[in-house]
Amino acid sequence: MSFTADLHLHSRFAYACSKDLTLPNMASWAEMKGIDLLSTADFTHPAWLSELEGCLSQTPEGHLRYGGVSFVLGTEISCVFKQGGRSRRVHLLVFAPDFPTVHGINDMLTGLGAKLNGDGRPTVTVSARDLTARILDISPQCMLVPAHIWTPWYGMLGSKSGFDALDECFQDMTPHIPAVETGLSSDPEMNWRVPALAGKAIVSFSDAHSLPNMGRELTVFAGEPGYRDLSAGLNKNRVEKTIEFFPEEGKYHLNGHRKCGVSQSPEETDRSGSRCPECGRPMTLGVLHRVEELSEGEPVDEALRRPYDSLVPLVELLSLSLGRGRNTKTVVEAYQRICHQLGGEVRVLTRANREDLAQAGGDTLAEAVIKIRERQVQIAPGFDGQYGTVRPMIG
Ligand SMILES: [Zn+2]
Ligand SMILES: [Zn+2]
């Protein structure tokens, strides 16, 4: 038995997030996509928390459920602090085993001066290390995972306000951090080369701010969808595989300056310097550059490696094969019909056979899905906040 999990997303109570992110919608989209376990997200927000307490049911085994989908209590917290003479900004995913623990965490955060009824992703001014210690003090069953570790801002290893190693950030708490989230702009292969991450499970989630983006990255764990097996999954690395973006599709893959339309590979920047050749301002150094800075030649820690799939969201492939925008009625209806017919987006992209794909979505779509699986793609990498594009080589 295994389960598919998306544990980094947001509710409608987080800034810049869709008003459609309600529990019923999140559950029905998870079913359509084939996601077994979702984070509730944003448990720090009082209005959202009371909705969760009112609407989630508990199974005899203690799993939280809504509709056909399991949930764990999770949130993201932004730590903004000074350490080593520099200002640091680190986002952490936090998971709690039960509602009383959530209330304990929220009381602690309020005591630290955090404003919980604004952004569903609250900010605290204590270090990532101190926040970890305080949360584990409330319950040692809580789990903390640094979020999108490579993003220039808010990533634990990011080029702008991060650290050079996990233990520089978490110090004596490092052994209590079970896993790291790679973010959209990196994939496991890039992370295997980084000694600073040795010993930690590598997980991928969507960081969705809207329903269609849920599950765009996922982690498959061994066991049953619930807190207990998630805990074993993270702490004992029972990750079976991750489902990833092509890292080039992420919006911070290469170095660059978006305003000037300039993007560079790490090698080009090494040769010509880190300023934009058009305007002379500093470029935003992307994830690939940062990974190369912190990596050593040989891939590390073979035992921790897990297989992964690199995929392009079905809605993008449909938009391409139907020649319509991804938000058009034609594409949205085709998406829902195909997911329904073939057992969810994850299955469509990873396992459905060519005949079934062609029958449900036409020959061009079938061709596109197969080409992506074979990594027959054309790539325009993302940089400085601009998403990249990855297209199957068809036609
Ligand atoms: Zn974040
Ligand atoms: Zn520029």
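Predicted model: local features only at pLDDT ≥ 70, side-chain atom pairs only at ≥ 80, totals over all residues.
The side chain of D119 reaches the backbone nitrogen of R121 at 3.0 Å. Is D119 buried or exposed? Its relative accessibility is 14%, so D119 counts as buried; the cut-off for buried is under 20%.

A polar atom of its side chain lies 3.0 Å from the backbone nitrogen of Y15. Set aside the neighbours within four places in sequence, and D119 is in contact with F13, A14 and Y15.

Now turn to the metal. Which residues coordinate the zinc ion (ligand 1)? They are E76 through OE, H91 through ND1 and H148 through NE2, at 2.0 to 2.2 Å. Along the chain, these donors follow the spacing E-x14-H-x56-H. E76 belongs to strand β5 (residues 69-83), while H91 belongs to strand β6 (residues 86-96). The two are 15 residues apart, and the pair links distant parts of the chain. Both E76 and H91 are buried.

The buried residues of α1 pack against β5, and against β2 (37-39), α2 (46-55), β4 (64-66), α11 (329-342) and α12 (345-350). Which residues of α1 are buried? Helix α1 covers residues 23-33, and its buried residues are L23, M26, A27, W29, A30, M32 and K33. Just after the helix comes G34, with a positive phi of about 90°.

Conventions
Residues numbered from 1 in each chain as written. Chains lettered and ligands numbered in written order. Heavy atoms only, no water. Donors = N, O, S within 2.8 Å, 3.2 Å for Na, K, Ca; no water. Helix = DSSP H or I, 4+ residues; strand = E, 2+ residues; numbered from the N terminus. Buried < 20%, exposed > 50% of the residue type's maximum accessible area, 1.4 Å probe, protein only. Polar contact = N/O pair within 3.5 Å; in protein donor to acceptor, adjacent residues only side chain to side chain. Contact = heavy atoms within 4.5 Å.
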